[in-house]
Amino acid sequence: MFDNINNILGSINSDEEGGIKEQDRLLPIANVGRLMKQILPQNAKISKEGKETMQECVSEFISFVTGEASDKCHKEKRKTLNGDDICWAMGSLGFDDYVVPLKRYLHRYRELEGEKANQNKVAAGNNIEERQNNEHCNLQGSFYGP
Amino acid sequence: MRQAGAYSRILSRKTGPHSLPLARIKKIMKKSSDDVKMISGEAPIVFSKACELFIEELTKRAWINMTNMHEKRRSTLHKEDVASAVIATDVFDFLVNLVTHDNNCELKEDSHQVIMET
């Protein structure tokens, strides 16, 4: 794991990374700056370098947690990293305070995805019925209501 | 590419808008190690929330740290304030090298002095 971190630090310290653009390894400074401002007093300002440092820290955070979650998946012989793995990795690395809000967020997201999938199924079902009715009408030459 | 759009629309109705681009988060995840092959759609979404929490925590600590250490009130958060917060917090140990090995900034851990080259 320390080899991973050294590789990541090495790539962060160099300006170019063989094909990967500088801006792709960082989250947008506007978004990061906005989140920082939201938590500070109204009169507070943040220097550009302060925001840039935060950008670097966030990317490192993502890599750090992903690495831990990925190790777990690898050990359990799973190929796909999911939301539960991320939550587990947070707890494992000491970000205990994040675990409960993240699990709640993930649960909410899954609920909404489930609702969306059901809505799509119903809509698809209605479309199939309409098509069958129309075909029937064309053959018979008369209109059969739904 | 507005890949985040669909999820933003769904979640904004209930949990608030996404503040961070999901596609970019996914890129950073993939780059973190060769072992990372497949990422489920929900993983970047969990990270977008986690990064919000992370930024909030580090920013808060940086601000409190700064106001505690400086007798004259400052209203601008600087790079060294973020660095100090990292050094002072155990859970941010993984960031210590990142904030101290920099060409532009030297941070002395013992005294809280900062030397910056402009």
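Which residue of chain A forms a salt bridge with B:Lys27? The partner is A:Asp24, and the closest N and O atoms of the pair lie 3.6 Å apart. A salt bridge here is a side-chain nitrogen of Lys or Arg within 4 Å of a carboxyl oxygen of Asp or Glu. Side chains of opposite charge can pair when their charged atoms come close.

Before going further, a word on how to read the model. This is a predicted model, in which local features need pLDDT of at least 70 and side-chain atom pairs count only at pLDDT 80 or more, while totals for chains, interfaces and linings use all residues. Residues are numbered from 1 along each chain as its sequence is written, chains are lettered from A and ligands numbered from 1 in the order in which they are written, and side-chain values use heavy atoms, with hydrogens and water left out.

Now let us look at the interface. Here 68 residues of chain A are in contact (heavy atoms within 4.5 Å) with 59 residues of chain B. Between them the two chains bury about 5,800 Å², 73% of it on carbon and sulfur atoms. Buried area is the accessible area (1.4 Å probe) that two parts lose on being put together, summed over both. On the chain A side, A:Leu35, A:Tyr105 and A:Tyr109 lose the most area to chain B, together 13% of what that side buries.

One that lies in chain A joins the side chains of A:Lys48 and A:Glu52, at 2.9 Å from N to O. These two residues are four apart in helix 3 of chain A, so about one helical turn separates them. Helices (H or I, at least four residues) and strands (E, at least two) are DSSP runs, numbered from the N terminus.

Strands also link the chains. Strand 2 of chain A and strand 1 (residues 38-39) of chain B run parallel and are joined by two bridges; strands pair if DSSP finds at least two bridges between them. In one of these, A:Thr80 has B:Met38 as its bridge partner.

Finally, how confident is the predictor? The model scores ipTM 0.75 and pTM 0.74. Chain B averages a pLDDT (the predictor's confidence in each residue, from 0 to 100) of 80, and 69% of the residues score at least 70. Over residues 11-16 of chain B the pLDDT is below 50, and over residues 103-113 of chain B it stays under 50. Where pLDDT is low, the predicted coordinates should not be read in detail.
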